[in-house]
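Please examine the sequence and the structure shown below.

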Amino acid sequence: MLIGQDITIVGAGIGGLAAAIALARRGANVRVLERANALQEVGAGIQISPNGMAVLVALGVDFGLIPRSVIGKKVSLLDGRTGRLALSLDLNAIKTPHPWLFAHRADLLDCLTAAARDAGVVIETGVPVAAVDLVDGGVDLEFWDNTNLTTRVVIGADGVHSVARQAVDRVSKPRFTGQVAWRALVPGDGTAAPEARVYMGSGRHLVTYPLRGGHLTNIVAVQERQAWTEDGWHHQDDPNNLRHAFKDFGPEVRDLLDQVDETHLWGLFRHAVAPNWHKGPVTLVGDAVHPTLPFMAQGACMALEDAWALAASMSLHNTPEMAFAAYQASRRARCVKIVAAANTNARAYHFGNVLRPLAHTAMRMSQAIAPNAPLRRLAWLYEYDVTRAMG
Ligand SMILES: Cc1cc2nc3c(=O)[nH]c(=O)nc-3n(C[C@H](O)[C@H](O)[C@H](O)COP(=O)(O)OP(=O)(O)OC[C@H]3O[C@@H](n4cnc5c(N)ncnc54)[C@H](O)[C@@H]3O)c2cc1C
């Protein structure tokens, strides 16, 4: 049913662009409306685990991206203050043909944009959608300059503060999670091990991994906070605030933070996974429908899986309503499980000074007995290939 069908996607982030490519490749006429004036991502890294890579491979985006990225081999969990190793995950133990990638977000977006244009997708920037309303025979998109567009099918890929979600689900409202995240990049000398390191402390953790052949190091630092009182969802912050928040961490972390000369701070907002992902000819993908804490590095991977599952469902079913119901049925339980796993990590990463040594001792003991058991328990997550499951 996709051949020749007109589809409008709101949002040219990872989910919106991936959906655009997948739908256009199956014959749809796809138009993407993006509020930003240019297609650009924050200067920061992103981990794409094999379940997300399966989609990038199927979309043919891996060829351009892998040479610009680092293939991750290990994830290490450490005590932030002492630097002592609690757990080491050998990513080769994941049974999949796809790599675990440490990529620059700008590189991922570049590759997705190029593939979308190759597939014939029309991308319009500087077009902020103000409202999405169901009307007889289609969907009305209202813009901030008071103009309107009536279209037949709309996919909301406009992130956690989605306006498209209002047409589908008025229940799920984003709220502050009590966590903020700094992101920063510092130069690397090209010799860093292909490893993500998670330094854990009381109410905080900090993740590092190399990008672009190790010539950059990505830093994500999360801290618990009572409230988010800023205007907007993120802003440029003073690097001294980041250094101050992690001043009692070990020298490895402090040395890295000393090199930060620019950082941005995000308030982390989310809502429960939406009960309804579609209404009439409107559906949602990615953070618009299931925002998650970034503690499993799965938000973008889920958006990629959604994109594929949605295109596969739309090519099988005769009406958008039937296709969207099948899409939600294929995705919701998995996304609920992933979001819950990220919430569990939020607690485990931020144990206080009493519980943390006990928890880390337990991790070391269990790893000594069964080294790959923690990853085997996550086989349902990382070894899933939506392109094989949905066709
Ligand atoms: C600190 C941090 C680290 C993370 N690390 C990882 C990781 O390592 N791996 C991973 O898989 N995930 C990670 N994530 C999560 C990941 O970034 C998100 O889940 C992912 O970007 C969601 O993609 P999306 O396309 O659904 O939404 P978004 O990336 O939010 O894109 C939405 C797009 O819609 C546009 N838009 C919004 N409103 C409108 C409108 N009204 N009209 C038109 N356009 C609009 C926006 O400008 C944007 O381009 C992390 C998140 C954070 C905060």
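This is a predicted model: local features need pLDDT of at least 70, side-chain atom pairs count only at pLDDT 80 or more; totals for chains, interfaces and linings use all residues.

## The ligand and its nearest residues

Of the 31 residues around the ligand, which come nearest? They are G15, E34, Q47, V129 and D287.

From E34, a polar side-chain atom is placed 2.6 Å from a ligand oxygen. In A300, the polar atom concerned belongs to the backbone, and 2.9 Å separates it from an oxygen atom of the ligand. A polar backbone atom of A297 is likewise found 3.2 Å from an oxygen atom of the ligand. The ligand taken alone would expose 1000 Å², and the protein buries 87% of that area.

## The shell around the ligand

Which kinds of residue form the shell? It divides into 17 nonpolar, eight polar and six charged residues.

Four elements each supply at least two residues of this shell: the helices α1 (14-25) and α8 (299-316), and the strands β3 (45-48) and β13 (175-187). The largest share, three residues, comes from α8.

## One side of helix α7

Helix α7 spans residues 251-258, and V253, L256 and L257 are buried in this helix. Why do these residues lie on the same side of α7? They cover an arc of only 95 degrees around the axis, and therefore they share one side of the helix.

What covers the buried residues of α7? The cover includes the strands β13, β14 (195-201), β15 (204-211) and β16 (216-224), together with the helix α6 (239-245).

T151 belongs to strand β11, which comprises residues 148-151. Is T151 buried or exposed? T151 counts as buried because its relative accessibility is 10%, and the cut-off for burial is under 20%. The side chain of T151 is joined to that of T8 by a polar contact of 3.0 Å. Leaving aside residues up to four places away in sequence, T151 touches T8, G138, V139 and L141.

S76 lies in strand β5, residues 74-79. With a relative accessible area of 2%, S76 is also buried. Its side chain forms a polar contact of 2.4 Å with the side chain of E195. When residues up to four places away in sequence are not counted, S76 touches L85, L87, S88, E195, A196, R197 and V198.

## Two residues with positive phi

Most residues other than glycine have a negative phi. In R212, however, phi is near 40 degrees, a positive value in a residue other than glycine. R212 is placed in the loop between β15 and β16. Its relative accessible area is 34%, so R212 is partly exposed.

A297 also has a positive phi, near 50 degrees, and is a residue other than glycine. Where is A297 found? A297 occupies the loop between β20 (282-284) and α8. A297 is partly exposed, with a relative accessible area of 23%. As noted above, a polar backbone atom of A297 is 3.2 Å from an oxygen atom of the ligand.

A36 is situated in the loop between β2 (29-33) and β3. At 29% relative accessibility, A36 counts as partly exposed. Although A36 and A12 are 24 residues apart along the chain, 8.9 Å separates their C-alpha atoms. A36 touches T125 and G126, if residues up to four places away in sequence are not counted.

N343 is part of helix α9, which covers residues 320-349. Is N343 buried or exposed? N343 counts as buried, at 19% relative accessibility. N343 and P294 are 49 residues apart in sequence, while the distance from C-alpha to C-alpha is 9.1 Å. Not counting residues up to four places away in sequence, N343 touches R270 and L293.

How values were computed: Residues are numbered from 1 along each chain as its sequence is written. Side-chain values use heavy atoms; hydrogens and water are left out. A residue is near a molecule or strand if one of its heavy atoms lies within 4 Å of it. A polar contact is a pair of N or O atoms within 3.5 Å; within protein, one must be able to donate a hydrogen and the other to accept it, and residues adjacent in sequence count only if both atoms are side-chain atoms. Accessible areas come from the Shrake-Rupley method with a 1.4 Å probe; for residues, only the protein chains shown count as cover. Ala, Val, Leu, Ile, Met, Phe, Trp, Tyr, Cys and Pro count as nonpolar, Asp, Glu, Lys and Arg as charged, and the others, Gly among them, as polar. Buried means under 20% relative accessible area, exposed over 50%, partly exposed in between (1.4 Å probe, protein chains only). The arc is that of the directions from the helix axis to the C-beta atoms. Contact means heavy atoms within 4.5 Å.
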